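Please keep the sequence and the structure in view while reading.

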Amino acid sequence: MNRILILEDEAVIRRALRRLLEHEGYRIEEAACIADARRLCEASRFDLLICDLRLPDGEGIEMLGHCGDTPVLIMTSYASVRSAVDAMKQGATDYIAKPFDHDEMLLCVARILKQRQLERENAQLQSQLGQVYPVEGMVGESPAMQQVCRTLDKVAPTDATVLIRGESGTGKELVARAIHKKSRRAQAPLVSVNCAAIPEGLLESELFGHEKGAFTGAAQSRQGLAEAADGGTLFLDEIGELTPAAQSRLLRVLQDGEIRRVGANSSRKVDIRLLAATHRDLELMVREGDFREDLYYRLKVMEIGLPPLRERLEDLPRLADFLLEKACRRLKQAPARLAPSALAAMQAHRWPGNVRELENALERAVILADGDCIAAEHLGLTPGPSQEAAPDTSLEDYFRRFVLENQARMTETELARRLGISRKALWERRNRMGIPRPKA
């Protein structure tokens, strides 16, 4: 039963309002002045405060600082509606003009209390989700994943630059989204950029914008993605693919908080938090002169390393159940379950494409399965190089070997599926690594 406090100095109005609300089943307390109302609020918690704007010992709006997060409904005369609007700007939930219609008052009270209930339920659900999945969408109780979650919780509230490292498909963008959501910039934009997906000639323009006439085809000025993230977070995935010129411009953003559009004569101030991710060995790139050392140390303020799926197989059953449920919802299929044979096949697989490959395999299985049971044959995890790769093989070496050994007998779609990546990503890596498609 909702508890409501009425703060009104006129006894006739106060008692009439009490009778009206008690008739609807609300529990009512009364106060004739601010001092009495403050004592009542300190002694117990209310679901709503209905408060007159003018009181003998001050303005009713003063109660906003003494009733915590309790919603406040302001009552005022028609002549003081402007004051009521000002009160809402200071935090009051709504206002109602006196003399008010009884039905109008009951509707207003019911609406505020319903909104209050929804906010509480949402907060409770968010708390429960936080306990089950400390990082939204990231499932795992292995020591490595628990360390990731602890580090994320510590670094998210700060504005520190974070470098997220891990093989392709381990969930680097998911971590970046979780950091943004838990940060003070959560209500501002998160702009994600895959540096490997933008052609080299357009990278600077896409990231930092350009002025009209800066190059052929620049018919008008354009805001860059870094500028679009002003006030929020800029996430640069595959940052190891940045050109030297783009690295130089990014360093200026980190050092001075300024960007200069391509073709511009002056800089613009921006307030962004930078998150970066890579699967490449940046230290080796620095030694070989392919990545700026000063930029590398600017990026490595905080580092989060994501373990490959093959190194946290204890998380596989729970992770598979989570992704299977997600796949069933996305494909609008009835809930499915994993047979023991499917779990055994997944435990034996090396997962070169990590969580992304697992997600793709489960989505394929949901489509192929006739009933609600996912068996090993539905996953398509046939024995092959993925089981035979040496533990110390780098991801790029494995990619090159797998593509060269299988491209003659597999389509591009099948190659991409087995690697746990998209066809577009496969094409981009072929071009970057100089592995042309065989001629038909």
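Is Cys-149 buried or exposed? Cys-149 is buried, because its relative accessible area is 6%; buried means under 20% relative accessible area, exposed over 50%, and partly exposed in between, with a 1.4 Å probe and protein chains only. The model is predicted, so local features need pLDDT of at least 70 and side-chain atom pairs count only at pLDDT 80 or more, while totals for chains, interfaces and linings use all residues. Residues are numbered from 1 along each chain as its sequence is written, and side-chain values use heavy atoms, with hydrogens and water left out.

Cys-41 is likewise buried, at 17% relative accessible area. The closest cysteine sulfur to that of Cys-41 belongs to Cys-67 and lies 5.7 Å away, which is too far for a bond. A disulfide is a covalent bond between the sulfur atoms of two cysteines. With a disulfide taken as a pair of cysteine sulfur atoms within 2.5 Å, the count comes to 0.

The sheet comes next. Helices (H or I, at least four residues) and strands (E, at least two) are DSSP runs, numbered from the N terminus. Five strands form an open sheet in the order S2-S1-S3-S6-S7, with parallel pairing; two strands pair if DSSP finds at least two bridges between them. At the edges are S2 (27-31) and S7 (94-98), each of which pairs on one side only. From one strand to the next, the twist averages 20 degrees. Strand S6 (residues 72-77) is joined to S7 by 5 bridges in the parallel sense, and Met-75 stands opposite Ile-96 in S7. Helix H1 (residues 11-23) packs on this sheet, touching S1 (3-7), S2, S3 (48-52), S6 and S7, and its direction makes about 170 degrees with that of S2. Contact means heavy atoms within 4.5 Å. Axes are lines fitted to C-alpha atoms, for helices over the stretch in contact, and angles run from 0 to 180 degrees between N-to-C directions.

Two further helices, H12 (residues 316-330) and H13 (residues 340-348), have axes that come within 11 Å and cross at roughly 115 degrees. Leu-316, Pro-317 and Ala-320 in H12 meet Leu-343, Met-346 and Gln-347 in H13. The residues of this contact divide into 5 nonpolar, 1 polar and no charged, where Ala, Val, Leu, Ile, Met, Phe, Trp, Tyr, Cys and Pro count as nonpolar, Asp, Glu, Lys and Arg as charged, and the others, Gly among them, as polar.
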